[in-house]
Amino acid sequence: MQTGAAFAWSAAQRRLHWAMAGLVFVNFLLALVMVALPLSALFAKILTYQLHKSLGLLLIPLWVWRIWLLGRRGRPAPMPLPAWQQSAARLGQGVLYALLIAVPVLGFLSAAAAPIAVETVFFLILPIPHPFAPDQALYDVLRPLHQGAAWGLVGLAVGHGAMAIHHHRRGLPILRLMWRGR
């Protein structure tokens, strides 16, 4: 693991960061569309749900890869920020990492528990077996957890981006390091 002031995020870490941010954003928009689609547009609704589930499932191996890279490559040296801001950043990033795995897992489990029993088909090609049969009571618990965690993830991601822009405007290279790596 590399450390020190000269070390920056690796190209793979930066690409995964932006790819996952893009997937979260697109999937959040898809979620808003899919629930708003009327039943009269059932085919579009089903396709949108399947795409939403596929993109969500894609986040899981990307998260695993990202955690592996973090363990292997480490992270850049902390920016010259007050201790409370460094602590807040570490906490926020930890919660982001937790939500990046919790949201898709809760989504998949809620799809499995859904009483209408719609199969999950990864990008309309690969059926993904559900771990249990539909269960209304379980669905009633999992669905709001998934939705709340998703709103939390998006809210925290927006705050994370806003703080990166804030620090960038004050001359710290946080945004530049995540964008270009140097």
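This is a predicted model: local features need pLDDT of at least 70, side-chain atom pairs count only at pLDDT 80 or more; totals for chains, interfaces and linings use all residues.
Phe25 belongs to helix α1, and together with Val26, Leu29, Leu32 and Trp151 it makes up a nonpolar patch on the surface, whose members have about 510 Å² of accessible area together. Helix α1 contributes the largest share of this patch, namely 4 residues.

The chain as a whole contains 5 helices and 2 strands, which follow one another along the sequence in the pattern α-α-α-β-β-α-α. Taken along the principal axes, the box filled by the C-alpha atoms is roughly 55 × 30 × 25 Å. Of the 182 residues in the chain, 36% count as buried, a term that applies to residues with under 20% relative accessible area.

The largest pocket of the model has a volume of about 1400 Å³. Its lining is made up of 44 residues, among which His17, Gln93, Leu96, His160 and Ile174 are the closest to the centre of the pocket. The elements that give two or more residues to this lining are α1 (11–36), α2 (42–73), α3 (83–113), α4 (136–169) and α5 (174–179), and of these α4 gives the most, with 12 residues. When the lining of the largest pocket is sorted by class, 31 residues are nonpolar, 10 are polar and 3 are charged.

For the second largest pocket, the computed volume is about 910 Å³. Here the lining consists of 37 residues, and those closest to the centre are Met34, Tyr49, His52, Ser110 and His146. Helices α1, α2, α3 and α4 each supply at least two residues of this lining, with the greatest contribution, 10 residues, coming from α2. By class, the lining of the second largest pocket holds 25 nonpolar, 9 polar and 3 charged residues.

Ala117, which is placed in the loop between α3 and β1 (120–122), has a phi near 55°, a positive value in a residue other than glycine. Leu124, found in the loop between β1 and β2 (126–128), likewise is not a glycine and has a positive phi, in this case of about 60°. The side of the question that concerns accessibility can also be settled for Leu124, which counts as exposed because its relative accessible area is 53%.

Val158 is placed in the exposed class because its relative accessibility is 56%, a value that lies over the 50% cut-off. The position of Val158 was also compared with that of Ala88: the two residues are 70 residues apart in sequence, while their C-alpha atoms are 15 Å apart in space.

Terms used:
Residues are numbered from 1 along each chain as its sequence is written. Side-chain values use heavy atoms; hydrogens and water are left out. On a 1 Å grid over the protein atoms alone, a cavity is a set of points where a 1.4 Å probe fits but cannot get out, and a pocket is an open set with protein on both sides within 12 Å along at least five of seven lines; lining residues have an atom within 4 Å of a point. Grid points are joined across faces, edges and corners, and a volume is the space filled by probe spheres set on the points. Ala, Val, Leu, Ile, Met, Phe, Trp, Tyr, Cys and Pro count as nonpolar, Asp, Glu, Lys and Arg as charged, and the others, Gly among them, as polar. Patches are made of residues with over 30% relative accessible area and no salt bridge: like charges are joined within 9 Å, nonpolar side chains (Val, Leu, Ile, Met, Phe, Trp, Tyr) within 5 Å. Accessible areas come from the Shrake-Rupley method with a 1.4 Å probe; for residues, only the protein chains shown count as cover. A salt bridge is a side-chain nitrogen of Lys or Arg within 4 Å of a carboxyl oxygen of Asp or Glu. Buried means under 20% relative accessible area, exposed over 50%, partly exposed in between (1.4 Å probe, protein chains only).
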